[in-house]
Amino acid sequence: MQDPDDDQHWLDLMAGRAAPDADARTRKEAAWLRAAMLSYRVSAPPGAPADADQRAGRLLTRARDAGVLAAAANDAGARRPAGRWRHALAAGVAACALVLVFLPQLQGPDEADDVTLRGAPVQRIDAADAQSRRQQLLQDLRAAGFEAQPFERLGRLGIDVSLPVPLPPAQSAALTRLGLAAPPGPSLQIEFVAPEPAGP
Amino acid sequence: MDLDAHSFTLACREGGSRIETWLRVVDREHGARFYREAAAALRSWQAAEDVVQDAMVKVWQRCATFRGPGEPLAWIHQIVRNTLLDALRQRQAQAPREQPLHDDDGQLTRDAEAAVLDLSASRVATPEGALAEHQIEAVFRRCFEQFAAAHPEHATVLRWVVEDGLDNAAIEALLERSPGATREFISQCRKKARPFFAAWYALVSPAASAP
């Protein structure tokens with residue numbers, strides 16, 4: 001049975017860090033192997049990556065297949081035929097209609113806060129007192145069995161929620177009860193935004 | 001375009017074409033090293049492209065969870081490596097099983113032991129015998145190839161440890177494992193590597209032989 005400390009010394013030595021307590025055999029074993037791995041590096045096979053434009057095209061196809069990029073947005077920056085603009089406009093109108101239809105269902109059960117879906121996994125909640133609203137929702141999420149972590153970024157408070165995929169119906173229902181929409185992926189991000197202050 | 005945390009966060013928040021453009025720039029300016037690294041581990045440029053692009057899609061999906069510390073490029077590199085390890089695990093699971101050269105404790109089987117002794121005694125000289133550098137390299141490369149074929153995930157992580165100086169925390173993040181499971185993985189790296197490099201240890205120096 002190998003001493004766990006000895007393995008740790010070996011790792012440190014392999015990584016080029018000092019391990020003053022390592023025994024002589026471990027030093028020798030790591031020194032030879034590290035020297036060889038640095039001298040005889042494994043290189044890529046002959047060839048090169050595909051052309052950047054071709055790669056980009058395939059990346060966008062993958063993104064569309066994975067559902068993270070809408071079909072109408074796949075050629076940003078390029079000249080688009082008029083027909084594509086029409087499709088994009090139609091998709092936009094359809095998306096607005098869907099938001100209008102489903103927005104009432106996204107309201108919290110006991111809050112007047114306004115919930116808006118942004119991007120795929122980010123949901124924004126307008127709250128006058130973001131700190132206490134976040135604390136309350138954090139407690140509610142944890143009480144419902146979710147793994148939820150608070151965060152602050154660019155001055156905004158938020159919560160990260162880790163979710164199993166697929167989301168069990170009970171957890172989906174719990175999110176709905178809390179005024180949140182179940183996202184398709186393994187995480188949900190909630191941001192709290194204070195409403196703009198009224199002018200003088 | 002600045003590829004800093006602020007621009008990444010804004011692009012992610014904005015979504016759509018902003019994040020798409022951001023990732024296109026990452027792929028164009030930094031993709032080559034990701035592809036090379038994946039191709040070196042997978043021995044295929046096509047497989048490397050699959051892995052890197054799968055990773056880019058994950059970045060797209062998870063960008064809202066980026067918190068740092070550090071720059072988004074480092075975070076993206078970690079996702080690329082994590083996806084690469086997944087691909088290596090999958091490939092290993094699908095590969096036909098070969099008879100291992102060692103037991104669970106890392107001890108060489110009798111046949112492998114005999115082969116090592118045979119190699120060090122007859123076919124290859126000792127360093128004192130002024131063995132040519134290219135012979136040492138050839139033996140090492142063969143040992144490493146066999147190790148990587150049998151344990152691709154361990155071989156790849158060990159290579160990153162040596163080349164990039166990864167510490168326990170970095171390995172933990174790569175493997176997405178607990179500290180305890182990571183320590184066990186490190187032990188397994190050493191244990192699994194030993195039998196494959198025994199021939200090389202015996203070649204370069206009897207004194208360097210793994211215990």
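Leaving aside its neighbours within four places in sequence, which residues is B:Gln188 in contact with? The answer is B:His154 and B:Ala193. Please keep in mind, as you look at the structure, that this is a predicted model.

**Around B:Gln188**

B:Gln188 is part of helix α9 of chain B. The residue counts as buried because its relative accessibility is 19%, and buried means under 20%. Helix α9 spans 179-204 of chain B and is among the elements that give two or more residues to the side touching chain A.

**Where the two chains meet**

Let us turn to the contact between the chains. Chain B brings 58 residues to this contact, and chain A brings 55 residues. Three residues, B:Arg13, B:Trp45 and B:Arg190, supply 15% of the area that chain B buries against chain A, more than any other three residues. The size of an interface is often given as the accessible area lost when the parts come together.

| Between chain B and chain A | Value |
|---|---|
| Buried area | about 5500 Å² |
| Salt bridges | 10 salt bridges |
| Polar contact (both at pLDDT 80 or more) | 26 residue pairs |

Of the buried area, 60% is on carbon and sulfur atoms. For a salt bridge you can find in the model, go to A:Arg55 and B:Asp27, whose side chains meet at 3.0 Å, N to O. On the side of chain B that touches chain A, the residues comprise 27 nonpolar, 12 polar and 19 charged. Besides α9, the elements giving two or more residues to that side include α1 (5-14), α2 (16-42) and α3 (45-62) of chain B.

**The nonpolar cores**

The largest nonpolar core holds 81 residues. Those that touch the most other members are A:Trp10, A:Met14, A:Leu33, B:Ile76, B:Phe140, B:Phe197 and B:Trp200. Another core, of 19 residues, lies apart from the largest one and has A:Ile125, A:Leu138, A:Phe146 and A:Leu163 among its members.

**Chain A on its own**

Chain A has six helices and five strands. Read from the N terminus, its elements follow the order α-α-α-α-β-β-α-β-β-α-β. Chain A has 200 residues, and 35% of them count as buried. Among contacts in chain A between residues at least 6 apart in sequence, 42% link residues at least 24 apart.

Definitions and conventions. Residues are numbered from 1 along each chain as its sequence is written. Chains are lettered from A and ligands numbered from 1 in the order in which they are written. This is a predicted model: local features need pLDDT of at least 70, side-chain atom pairs count only at pLDDT 80 or more; totals for chains, interfaces and linings use all residues. Side-chain values use heavy atoms; hydrogens and water are left out. Contact means heavy atoms within 4.5 Å. Buried area is the accessible area (1.4 Å probe) that two parts lose on being put together, summed over both. A salt bridge is a side-chain nitrogen of Lys or Arg within 4 Å of a carboxyl oxygen of Asp or Glu. A polar contact is a pair of N or O atoms within 3.5 Å; within protein, one must be able to donate a hydrogen and the other to accept it, and residues adjacent in sequence count only if both atoms are side-chain atoms. Helices (H or I, at least four residues) and strands (E, at least two) are DSSP runs, numbered from the N terminus. Ala, Val, Leu, Ile, Met, Phe, Trp, Tyr, Cys and Pro count as nonpolar, Asp, Glu, Lys and Arg as charged, and the others, Gly among them, as polar. A nonpolar core is a set of buried Ala, Val, Leu, Ile, Met, Phe, Trp, Tyr and Cys residues joined through side-chain atoms within 4.5 Å. Buried means under 20% relative accessible area, exposed over 50%, partly exposed in between (1.4 Å probe, protein chains only).
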